[in-house]
Amino acid sequence: MDFNDTPEQAAYRDEVRAWLSANAEPRKDRPSVSRRLDAEEGLLLAKRWQAKKADAGYACRHWPVAHGGQGRPMIETIIYDQEEANFDVPTGFFSIGLGMCGPVMAQYATQEQQARFIPPLMRGEEVWCQLFSEPAAGSDVAGLRTRCHRDGDDWVVNGQKVWTSGAHYSDWGILVARHDSSLPKHKGLTFFFIDMKSPGIDIKPIKQINGGSNFNEVFFTNVRVPDSQRLGAIGEGWQVAITTLMNERLAVGDAPPPDFREVMKLAAACELDGRSALEDSSVREKIADWYVEAMGMKHTKARTMTALSQGKVPGPENSIGKVVSASKLQNVSSFGADLMDMGGVITDPSLMPSDALFQQSFLYSPGLRIAGGTDEILRNIIAERVLGLPGEIRVDRDVPYNDIPTGN
Amino acid sequence: MNFDFSDAQKALKQQTRDFLRAACDTTVPRRVLEDADEPFARDLWQQIGANESPGIAVPEEYGGIGFGYLELCVVAEELGRAVAPVPFSSSVYLATEAVLLGGSEEQKQRLLPGLATGETIGTFALSEGPGLATPANLQASFRDGTLSGTKMPVPDGDIADFCVVVAKEGDGVSLALLDLGGSGVSREAVETLDPSRSHARITFDGAEAEPLGEAGQGWALKDRVFDRAAVLFAMEQLGGADACLQMAIGYAKGRYAFGRPIGSFQAIKHKLADIYIKNELARANCYYGAWALSTDAPELPVAAAAARVAATQAFHFASKENIQTHGGIGFTWESDCHLYYRRSKLLALSIGSERVWKDRLISGLERQEAA
């Protein structure tokens, strides 16, 4: 066991560090650049940064050369991401495009389409979004209702998508729609990529419980999509969607703060019964729990990285990541507010420790337990795919979609 | 980055697992549990000694085989999985480590060869009854080469040959080596939550003993021994937790209710997923602890405490939810569920409760912060 890079990896890390130092500012103890700016300004900066990265050969390094990457081992992408996390650079706008849309285009689009779409996607010149979830199809995404029907060389799409990150600034999107409601639900779906500026697309931001708007509702009214933008065969939409979800970028970054470090700092500064709250045994026990979870995740990622570093397929242990980190964030946030006692309700950053980070994440964290697979769905996945327990008994699998009860 | 055991270490783990599967299926801990006259599985202990497992991390010059602590860690995990009813943790993680850390050259030469083959069984005595032992409330005292006082529960105290005793000496605390067969020592078995591992109440009245380590430095030495032992205990707990998960999965697949396997119900799926999550968090912390132990890293106190806390939580959760998954049958004496449930609590309280280790963890973080 050792935690050192191989000489080759160390050399690559040095190179990355040198390049980052020459081109970006180190991260400071303040909100990141993406948080300080409004979305439009942030996007502009992010596009510039992504292009710079791509020019230097650090974007999508592990992608095959044929798809615009460098064909390098995944570990180099991870090393880059680890190092980049120490710098204050605008990121996040392209994660859906790079993590899901790029790989699905690489697998299903024609050579000409790949040549047209992948380079600008990789350079951040065009932003992509993902249109899967619907008001009546969240965890049960195969139950989606957005319809499409063939009309000449086009398809015509009608319906509504929801929880689409970045739809308002995206140029392109990937979409699953139902072409035949008389087939069982998984069999009547077809997959497309679409121009987000097409006539008939109406985008409305969703206001979240924390007041922010990171997601949108997207309405489709007679939106025409050329058949040439179909990915996979008619009726193969579910398989294509599953491939896309499998391609979700390996989560190797740390969960957003606050974590045990921030609570520890806060507790050291808070007074409880006339002494530092950090001396209180109930506070110490809680922080110890979160430390153990945080280190458990960190070292689990180290196990995953070890496998990747040796060119092996990582084990299933990485599947625990989001279940643990989302709940931890919610609990840490709530506890941080508790430490401030009655004053813990204040959300004005100018009045609060850590610029009201605990209060902000208290309102933001419920979303993390739902986005990208709810806690419940993730536990099903662990139980079925990792532990080998029998699948759900499904009452809707082999019946025509039209006949499935829908409730409210 | 190579955060994994080597192929040779993995092979040792598999070999140990195969050996224990044959030599220590659950009928063995059950036999010891049920038979008051058999305090430990003597036959199994002899085989473990013949495999030289107790001496894995003991240097060759003291009669061990001189592998490292990563090798000892993989063996510990398998002993935990097998609920092995042997004094391995007392003799290897505690007594051997105490002698290695605190012993004079002469003491090492004299004691380690026997410990390394399992012919000598050592143990470690801190607790004096219900309640947390502290330097301030210790009653046992060491003066002019003699020990007086009572220790209980002493793990394997009824079968061990010698014991490292934590005792007051003057204003400080010292460790003393006590020959349990000597005069002035009386011992009797005490009943505990896990009769598959015997425990004793030991009384010494002016019993002759020799100092281990410097006078007055006993508490600090005990802490160092416990930091090292914590990783090894955690590995045993991890093995036990994984055994519970596997047992629960097996049952959930085969037991039918309402016309379907109970493992197809989300109430059971989510329970087992939660066991898996806790086990994986514990595994990652244990591996890091193993690394810190094997390299004697400055991170050891915090890494050991994190491994200990995570593995204690994991084994406790897995053993109780394994019973729950089994339903009524899991509460019967005939089911093996209680072997793990008992062992999980025994290991959770050996070398100090979860609360104590959480406090050590935060203290370690505070020291790191201050440094």
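Predicted model: local features only at pLDDT ≥ 70, side-chain atom pairs only at ≥ 80, totals over all residues.
Residues are numbered from 1 along each chain as its sequence is written, and chains are lettered from A in the order in which they are written.

1. The contact takes 38 residues from chain A and 36 from chain B, two residues being in contact if their C-beta atoms, placed from the backbone, lie within 7 Å. On the chain A side, α9 (281–309), α10 (321–339) and α12 (375–386) each supply at least two residues, and α9(A) gives the largest share, 17 residues. Helices (H or I, at least four residues) and strands (E, at least two) are DSSP runs, numbered from the N terminus.

2. Most peptide bonds are trans, and most residues other than glycine have a negative phi. In chain B, the bond from B:Met152 to B:Pro153 is cis, with omega near -10 degrees, and B:Pro153 sits in strand β3 (residues 146–155).

3. A:Asp273 has a positive phi, near 50 degrees, in the loop between β9 (271–272) and β10 (275–276) of chain A. A:Asp273 is exposed, with 8 other C-beta atoms within 10 Å; exposed stands for 12 or fewer such atoms, buried for 20 or more, and partly exposed for values in between, with C-beta atoms placed from the backbone.

4. A:Ala356 also has a positive phi, near 65 degrees, and is placed in the loop between α10 and α11 (357–368) of chain A. With 20 C-beta neighbours inside 10 Å, A:Ala356 counts as buried.
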